[in-house]
Amino acid sequence: MTPATVVSRPNRDKTGGRVRNRRGRSRPPAGMVAAAVAVTLATLVPLGFVITMTVLTGGETAARLIFRPRVGELLFNTVALILLTVPLCIVIGIGAAWLVERTRLPGARFWALVLAAPLAVPAFVNSYAWVSTIPSLSGIGGGTLISVLSYYPLVYISAAAALRRMDPAQEQAAASLGLGRWRTFFRVILPQLWLPITGGALLVGLHLLAEFGAFSMIRFNTFTTAIMEQYRSTFNGAAANMLASVLVGFCLLMLLLESRLRGNARYARLGSGVAGRPEPLPLGRYRLPALAAVTVLALLALGVPLGNVLRWTLAGGAEVWNGPMIVHTLLQTLFFGLAGALVTVLLAFPLAWLAVRYPSWFTRLLEGTNYITSSLPGIVVALAFVTVAINFLRPLYQSVPLVIAAYALLFLPRALVNLRSGLAQVPQELEEASQSLGRSPLATFVKITLRMAAPAAAGGAALVFLGIANELTATLLLSPTGVNTLATRFWILSSQIDYSGAAPYALILILLSLPMTYLLYTQSQKAAGQ
């Protein structure tokens, strides 16, 4: 066969006739592409809503609503919060990870789990605990304290995983050249933690922009609290929409900044043999100060919230355990969590499948668009869905399907990342062999692909479930009247200063979140080959 023949006549492979393009790469199924495009277009609704409302508001009105003292105050609070919280989270996260992974810290395995556990405590529960301890806590100081204690694990977990899989050969070479421990750390180890630092900083920043409950409880004004206040008190759509547009601009700016700072550097080991494991460093005279540091961190981030939740629960006695209401709220939370997780995984599958099986600029565009739109705060997503439902889909307003759709959009990346990694581990040769033996594509998918990717899908669903259980702003705005989750019921009672009544819901939330935090920790260990 001549080269011209190959180019002009698409051939078929041995596994059922996939049409291949002129480069010999099979074309993705049209149905899968259509599904992925439809999901991506749906995720663009919030971004389109913000752009459309800004245009409809008009330049003069938009400028008047944006360039006013109130927005300046919110801008200052937001920027100050980010500039204080993100560096502190990086320093604490990197320092804690280094102590646990690279030194002879007493009880290192115990501390490795304990220092990750604060991720199981929602930020609004942390705020509730600290307000119970220090009723006068407020302002930028209170916001920074609660934010750092709630979000430093986002840096700690990824940094610990990076330190585990880091090849110590470079450190040994640095030591042989006469570099001391501190110079080796700053010149060899820290540069290899650049990806966990930039990625963790992005996650912390996005959480700060989206957080509502924690800051509202300490009376610290941010864009999210101001948008909720505008929507719930005066229903001033134009003012709330303009604040949302500024908030979206912040999100996109942070995504762009992280992409630029991350760069294209690679930190892989190249060469024969197996990378050794680093020898833990003796702490010497710093042993007790290091142990004291991790103890204080654990007490502040985990001890204070757990202690206050238990204290208020015991103070309320048996009366706070309103059996029917707690059971009803828990069942509604489980329903929304399970339904939302199932829908999100199903919607993420076409995107993950195309990203793994048919990588191209088009599939990367679809995947990247979902990450961008899903990084928007829940309050913006909720406002978009409220506006669309009222104007175009009135029967869906304050309905269960609308709430689940918002959850799917918010937490799609959690399912997408896990599904993509799971599908990448399914050998394509097994699928081709199955079809060559006469099995249909559907049977091959069920018997081989789905079966091998099921653990990753389950992990993604579990992460989505955790996000839904702790979600507050979108649920408050979109849920039907009379429908409560553990997070919203806790918020209602704590807003009424009924701390004893809110405590059982906080305790159940933490108990639901702890297993997922453990799963994240163990997954990071597996990623590091341990």
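Biologist: Which residues line the largest cavity?

Modeller: This is a predicted model, in which local features need pLDDT of at least 70, side-chain atom pairs count only at pLDDT 80 or more, and totals for chains, interfaces and linings use all residues. Residues are numbered from 1 along each chain as its sequence is written, and side-chain values use heavy atoms, with hydrogens and water left out. A cavity is a set of points on a 1 Å grid over the protein atoms alone where a 1.4 Å probe fits but cannot get out, and lining residues have an atom within 4 Å of a point. By that rule the lining consists of T78, L81, L208, L209, T222, F223, T224 and L247.

Biologist: Which helices each supply at least two residues of that lining?

Modeller: Helices here are DSSP runs (H or I, at least four residues), numbered from the N terminus. Those that each supply at least two lining residues are α5 (69-102), α11 (194-210) and α13 (223-234).

Biologist: How much space lies in the largest cavity?

Modeller: The search of the whole structure finds one cavity of 30 Å³ or more. A volume is the space filled by probe spheres set on the points, with grid points joined across faces, edges and corners. For the largest cavity this space is about 50 Å³.

Biologist: Which residues form the nonpolar patch on the surface?

Modeller: Patch residues have over 30% relative accessible area and no salt bridge, and nonpolar side chains (Val, Leu, Ile, Met, Phe, Trp, Tyr) are joined within 5 Å. Accessible areas come from the Shrake-Rupley method with a 1.4 Å probe, and for residues only the protein chains shown count as cover. Helices α11 and α14 (237-262) each supply at least two residues of the patch. With about 350 Å² of accessible area together, its members are W194, L195, L257 and L261.

Biologist: How far apart are the closest N and O atoms of E73 and R70?

Modeller: A salt bridge is a side-chain nitrogen of Lys or Arg within 4 Å of a carboxyl oxygen of Asp or Glu. E73 and R70 are separated by about one helical turn because they are three residues apart in helix α5. Their salt bridge has its closest N and O atoms at 3.6 Å.

Biologist: Which residues are linked in a network of salt bridges?

Modeller: The count comes to two salt bridges. Besides its pairing with E73, R70 forms a salt bridge with E229. That pair links distant parts of the chain, with R70 in helix α5 and E229 in helix α13, 159 residues apart. The network therefore, by the salt-bridge rule, links R70, E73 and E229.

How values were computed. 1 Å grid on protein atoms, 1.4 Å probe; cavity = no way out; pocket = protein on both sides within 12 Å on 5 of 7 lines; lining within 4 Å. Patch = residues over 30% accessible without salt bridge, like charges linked within 9 Å, V, L, I, M, F, W, Y side chains within 5 Å.
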